[in-house]
Amino acid sequence: VPILNFGRPQQIANDIWRGSDPALPTRVGAWSRPVPTLLGLWWAAWIVALLVSRGAFRSSLSASTAEEFRTSAIVDIIGIAVEMAAAVLAILFVRRATARQDARASQLQRVSMVNDLQAV
């Protein structure tokens, strides 16, 4: 979906972050909780990299002089550098979200075990 791809991935990442909060009670929504700045930085870097790379590609198509090709190559290198930063931020997010999900699963397992013992 052409327009949805500019915002939906970040919404999903936000939901993953909020839903994996180990401090949440077992059946309480988390959708209004804040998310870390890391998610905004990742998404901003991804969008900037996308726009810069597309701009470089378009300028290379219309380039006719060595200087124009050089400029589009420099812009493309900048886009690649921003994309690499976005990749590092994505890796950090995945690692942190995974740790939160593990902690939440452990917390829910403890609650379940306590409930089972109380039922006996």
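1. **Basis.** The model is predicted; local features need pLDDT of at least 70, side-chain atom pairs count only at pLDDT 80 or more, and totals for chains, interfaces and linings use all residues. Residues are numbered from 1 along each chain as its sequence is written, and side-chain values use heavy atoms, leaving out hydrogens and water.

2. **Helix α1.** Helix α1 covers residues 8-19, twelve in number. Helices here are DSSP runs (H or I, at least four residues), numbered from the N terminus. From first to last C-alpha, α1 reaches 16 Å, close to the expected 16 Å. The expected span is 1.5 Å times one less than the number of residues.

3. **Buried face of α1.** Ala13, Asn14, Trp17 and Arg18 are buried in α1. Buried means under 20% relative accessible area, exposed over 50%, and partly exposed in between (1.4 Å probe, protein chains only). Seen down the axis of α1, the buried residues fall within an arc of 130°, so they line one face of the helix. The arc is taken from the directions from the helix axis to the C-beta atoms. The cover over these residues includes α2 (37-62) and α3 (66-119).

4. **α1 against α2.** The two helices pack at about 160°, with axes 10 Å apart. That makes α1 roughly antiparallel to α2 (angles over 145 degrees count as such). Axes are lines fitted to C-alpha atoms over the stretch in contact, and angles run from 0 to 180 degrees between N-to-C directions. The crossing of α1 past α2 is right-handed: the near helix is turned clockwise from the far one by less than a right angle. Pro9, Gln10, Ala13, Asn14 and Trp17 of α1 meet Leu39, Gly40, Trp42 and Trp43 of α2 (contact means heavy atoms within 4.5 Å).

5. **α1 against α3.** The axes of α1 and α3 come within 9 Å and cross at roughly 35°. This crossing of α1 past α3 is left-handed, with the near helix turned anticlockwise. On the α1 side, the residues are Ala13, Ile16, Trp17, Arg18 and Gly19; they meet Phe93, Arg96, Ala97, Arg100, Gln101 and Arg104 in α3.

6. **Helix α3.** Its 54 residues should span 80 Å, and the end C-alpha atoms are 78 Å apart, which agrees. Buried residues of α3 include Gly79, Leu89, Phe93, Arg100 and Gln107. The buried residues of α3 pack against α1 and α2.

7. **The α2-α3 loop.** Ser64 lies in the loop between α2 and α3. Ser64 is exposed, at 61% relative accessible area. The C-alpha atoms of Ser64 and Asn5 are separated by 33 Å; the two residues are 59 residues apart along the chain.

Notes: Angles under 35 degrees count as roughly parallel, over 145 as roughly antiparallel, 65 to 115 as roughly perpendicular and the rest as oblique.
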